[in-house]
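Me: I have a structure open and want to go through a few parts of it. Can you take my questions one at a time?

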Number of protein chains: 2
Amino acid sequence: MVNPTTMPEQVREPPGSVSIKDVARIAGVSIATVSRFINDPERVKEQTRTRVQAAIAQTGYSPNTLAQSFRRGKTHLIMVVLPSVGDPFFTGVMSGIRSVAGGRGYSLLINETQFNTMTADEIGAMVVSRQADGIVLLASLSPFGNEVLSAHSHRTLPIVIGCETVSPELANFPGVHIDNSAAAQEATDYLLALGHRKIAFIYGQQQSLLTSDREQGYRASMHKAGISVRESWVVEGKLTMEGAIAATRILLGHADRPTAIFCANDEMALGCIYAVKSAGLRVPEDVSVVGFDDIRYARICDPALTTVYQPAEEIGEKVMNRLLDEIEGGRSGSAGAEIVAHKLVVRKSAAPPSV
Amino acid sequence: MVNPTTMPEQVREPPGSVSIKDVARIAGVSIATVSRFINDPERVKEQTRTRVQAAIAQTGYSPNTLAQSFRRGKTHLIMVVLPSVGDPFFTGVMSGIRSVAGGRGYSLLINETQFNTMTADEIGAMVVSRQADGIVLLASLSPFGNEVLSAHSHRTLPIVIGCETVSPELANFPGVHIDNSAAAQEATDYLLALGHRKIAFIYGQQQSLLTSDREQGYRASMHKAGISVRESWVVEGKLTMEGAIAATRILLGHADRPTAIFCANDEMALGCIYAVKSAGLRVPEDVSVVGFDDIRYARICDPALTTVYQPAEEIGEKVMNRLLDEIEGGRSGSAGAEIVAHKLVVRKSAAPPSV
């Protein structure tokens, strides 16, 4: 890392360039006011803002935040790695992350793993290159990505893991999430209690640890009830609506079709309900459907979706507070995950089997 | 702006720090390979990556991207300003933006205006502080935000506006979007052609130019048909599901209720359908509902939503290509907006009025 003291003074005000003093003079305000305009414009009266802004436009002054970040070795940026912008589950998580980050003076650099150039592997490079003060990891990484991060620990860059279950390699990083396995077990127990025996499971992606934990919960519940899981009833839904529609069509094509389908997320449950209804069957009379996440569409879909609620906003807040405590306090990361409470939300998409 | 040549050589390799040569020596690879690992890891074989990664972990080497950005005056970051992460309309737009940015070697810094500390006003500060090479603006700004940007033009930072209609202050910036007014007129014409006369409109937010253009299209269509718009049938839905549920309850509460409701986005149309059904009425038999955007939930909702399709991915690609052409070519921004084609998608949520 570059020692900030090696930065020469002239970088602060390169020869011939416009200084903050010029802006203050032209706007007829103090240097402190110009600085406040740049760093916290809402604290500057609108009339003054207009004057300062005009002076900045007139002079072409640049506060050069990059140079500032470089000098103090702080970017005040937190990188959030999530699977996809546009996934409604992240509305709540991001809301929690935002409110804490904003309140503590940080901005967010959001990276999507799904259709991103920055693949999970490249996080290793981000980790060592100090493009952010810390990382919130909301997405699964490739085995290589896990390996890269686990080699670094908190020595190089603070990382907190949210939502996703922690892979064994990342057990030394702090995390905040629900008990995915217990939650999935509870949802399956609920279907069993309604009288279902033929319960199918649509999982996400084979490489995602998150849905494998949910699958484990489903299997544990079935095992406990003395029902052997038919492997042809455990189908990949790719975490997408389209994937779940295809998966549901496969399940409904079996001669002996399931009476209930448990989906590893709500996005897939919405696709599943659509596919069941498109096949001329009723939800829940012919096929019960249960989801996972409680996204905002769960309560307005028809029938309203029975699902597992995750406290998304709380997860976002806890993850960000934990990360910033570490960055600001310079503490070595407290290892291991904090488990937050989930809740089964019973609505209308599951009922006793009609047969 | 800082002249890169004022940066002294020792910043490149501060005394006593680990150099890229040390990493290469320990990993037993060339310096070029280490550089490739940092900048484009997918071009490095997995076996080699593991070796380089281990050498980086062992030495604690930091490529110090911030210092590099500072030197060349390029961050290779594009700031995308959007209303909300978790809004499904942006899945497509972001996908297009991503694929172009990635292919051309840029990463994205995503900022949400909705629940962000960085309010629209603060974009002015971002513009002059060179925290990114350019800005993609997908959200409405406050009047002050518009004013700040319009004072800068392309002189300070390249900006391309996507999706949102351009406010008069920003007419000097390039943009890519559909003709919102014409599209809304077409959707209203369709309801009129089905025989509806009592057509209500749920708009987004009063300060958003985007929904005001859609409202204008609705009013133009009604005017052309010789039907005067009842002002009590034009209601604010806040662009959210919850807002639209409340708005629909108001509309259905009128003694003489509308036979059709046109919503300024799909998110609100989904809330509207839910509210109509919750009131014990049928869609489309009792009330027709038409949306705007064609988000992925439009085709699976019950009944499937008739809506206006926006070519989200194409908008994302065009916006990003236009921005990067400007950044890389150093061209002065071509003014004005490029209009892309919309399409009315007829599904099942609108039908002739039963009365």
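Me: Start with helix H12 of chain B. What span should its 18 residues have, and how far apart are its end C-alpha atoms?
Reply: This is a predicted model. Helix H12 (residues 312-329) of chain B has 18 residues, so at 1.5 Å a residue it should span 26 Å. Its end C-alpha atoms are 26 Å apart, which agrees.

Me: Which residues of H12(B) are buried?
Reply: The buried set runs from B:Ala312, B:Ile315, B:Gly316, B:Val319 and B:Met320 to B:Arg322, B:Leu323, B:Leu324, B:Glu326 and B:Ile327.

Me: Switching to strands. Which residues of E3(B) are buried on each side?
Reply: Strand E3 (residues 134-137) of chain B is covered on both faces. B:Gly134 and B:Val136 are buried on one side, and B:Ile135 and B:Leu137 are buried on the other.

Me: Why two sides for one strand?
Reply: Because side chains in a regular strand alternate between the two faces of the sheet.

Me: How many bridges join E1 of chain B to E3(B), and which way do they run?
Reply: Strand E1 (residues 77-82) of chain B is joined to E3(B) by 4 bridges, and the two run parallel. B:Met79 has B:Ile135 as its bridge partner in E3(B).

Me: And how many join E3(B) to E4 of chain B?
Reply: 3 bridges, again with a parallel run, connect E3(B) to strand E4 (residues 159-162) of chain B. There, B:Leu137 has B:Ile161 in E4(B) as its bridge partner.

Me: Now aromatics. How many pairs are there over all chains?
Reply: The structure holds 7 aromatic pairs over all chains. One of them is A:Phe201 with A:Tyr218: the ring centres are 5.0 Å apart and the planes are at 15°, under the 30 degrees cut-off, so the pair is stacked.

Me: Where do those two sit in chain A?
Reply: A:Phe201 is in strand E6 (residues 199-203) of chain A and A:Tyr218 in helix H9 (residues 209-224) of chain A, so the pair links distant parts of the chain, 17 residues apart.

Me: Buried or exposed?
Reply: Both A:Phe201 and A:Tyr218 are buried.

Me: What about B:Phe201 and B:Tyr218?
Reply: Their ring centres are 5.0 Å apart with planes at 15°, so that pair is stacked. B:Phe201 lies in strand E6 (residues 199-203) of chain B and B:Tyr218 in helix H9 (residues 209-224) of chain B, so parts 17 residues apart in sequence are tied together.

Me: What relative accessibility does B:Phe201 have?
Reply: B:Phe201 is at 0%, so it counts as buried. B:Tyr218 is at 0% relative accessibility and counts as buried.

Me: Last one, back in chain A. Which residues do ring pairs link into a cluster?
Reply: The cluster is made of A:Phe201, A:Tyr218 and A:Phe262.

Definitions and conventions:
Residues numbered from 1 in each chain as written. Chains lettered and ligands numbered in written order. Predicted model: local features only at pLDDT ≥ 70, side-chain atom pairs only at ≥ 80, totals over all residues. Heavy atoms only, no water. Phe/Tyr/Trp six-rings, centres within 6.5 Å; stacked < 30°, edge-to-face > 60°. Buried < 20%, exposed > 50% of the residue type's maximum accessible area, 1.4 Å probe, protein only. Pairing = 2+ DSSP bridges. Expected span 1.5 Å × (residues − 1).
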